[in-house]
Amino acid sequence: MTNINAAKRTKRKLLSNVAYSVMLYGAPVWADQMSATGWTELLKVQRRICLRVASGYCTISREAVSVITSIAPLNLLAKERKQIHDMKSNREQTQPQKTSWILPKVPTKRVIRYLGVQLDTRLTYVEHVTTVAAGARRAAATIGKLMPYVGGPSQSKRSLLMSVMHSRLLYDTQVWADRIQGVKKAKESLSIA
């Protein structure tokens, strides 16, 4: 294959993987017994393959072209295949151990918050109304404390205060308004706010 414009990089990488599987055939058997000159020859072949994958010139070093093509050196690939083979053979010889699963305890809560609404176990929304009413009271008190610093209470500032309270109190009422009609504690919380 020519070095330039013959095939796309993905096709070149595929062909290189085919060459590697041929070169690494039986690697678990011969990986430990390979001589230094054998590894040198294999790494020379790998450099040429990597140069073809990267469409690089012959002046690029083996390490650099391996990084460019994201291909590990053959000696490491062969040793990795040997380790995997050894682990599989050791696993077959030993008995599989039984594992006991310890499931974590999931804490239960009386009230959870979901999308800003406090849901209790019976869906009475008493906690939600109580919390929202207290939050609206705190917001009103905070805004009330700011009134002297912004020129005193005028009609527009009072309507701003009421709109803040209404938006806090009436958030998501279509979910909980019907459920609190008969609940005395929720009605009291809303009337105080």
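How many bridges join strand E1 to strand E2, and do the two run parallel or antiparallel? Four bridges join E1 (residues 111–114) to E2 (residues 117–120), and the two strands run antiparallel. This is a predicted model, in which local features need pLDDT of at least 70 and side-chain atom pairs count only at pLDDT 80 or more, whereas totals for chains, interfaces and linings use all residues. Residues are numbered from 1 along each chain as its sequence is written, and side-chain values use heavy atoms, with hydrogens and water left out.

**Strands**
- Strands (E, at least two residues) and helices (H or I, at least four) are DSSP runs numbered from the N terminus, and two strands pair if DSSP finds at least two bridges between them.
- E1 and E2 form a hairpin with two residues between them, and Leu-115 in the turn has a positive phi of about 55°.
- Within this pairing, Ile-112 stands opposite Leu-119 in E2.

**Cysteines**
- The structure holds zero disulfides, a disulfide being a pair of cysteine sulfur atoms within 2.5 Å.
- Cys-50 is buried, with a relative accessible area of 0%, whereas Cys-58 is exposed, with a relative accessible area of 61%; buried means under 20% relative accessible area, exposed over 50%, and partly exposed in between (1.4 Å probe, protein chains only).

**Salt bridges**
- The structure holds five salt bridges, each defined as a side-chain nitrogen of Lys or Arg within 4 Å of a carboxyl oxygen of Asp or Glu.
- In helix H3 (residues 36–54), Glu-41 and Lys-44 lie three residues apart, about one turn of the helix, and their side chains meet in a salt bridge at 3.6 Å, N to O.
- Glu-41 counts as partly exposed at 47% relative accessibility, and Lys-44 counts as partly exposed at 48%.
- The side chains of Arg-62 and Glu-63 meet in a salt bridge at 3.2 Å, N to O; Arg-62 is partly exposed at 25% relative accessibility, and Glu-63 is partly exposed with a relative accessible area of 48%.
- Another salt bridge, at 2.9 Å, N to O, is formed by the side chains of Arg-110 and Glu-127.
- Because Arg-110 lies in the loop between helix H5 (74–93) and E1, and Glu-127 in helix H6 (residues 126–146), this pair ties together parts that are 17 residues apart in sequence.
- Arg-110 is exposed, with a relative accessible area of 54%, while Glu-127 is partly exposed at 26%.
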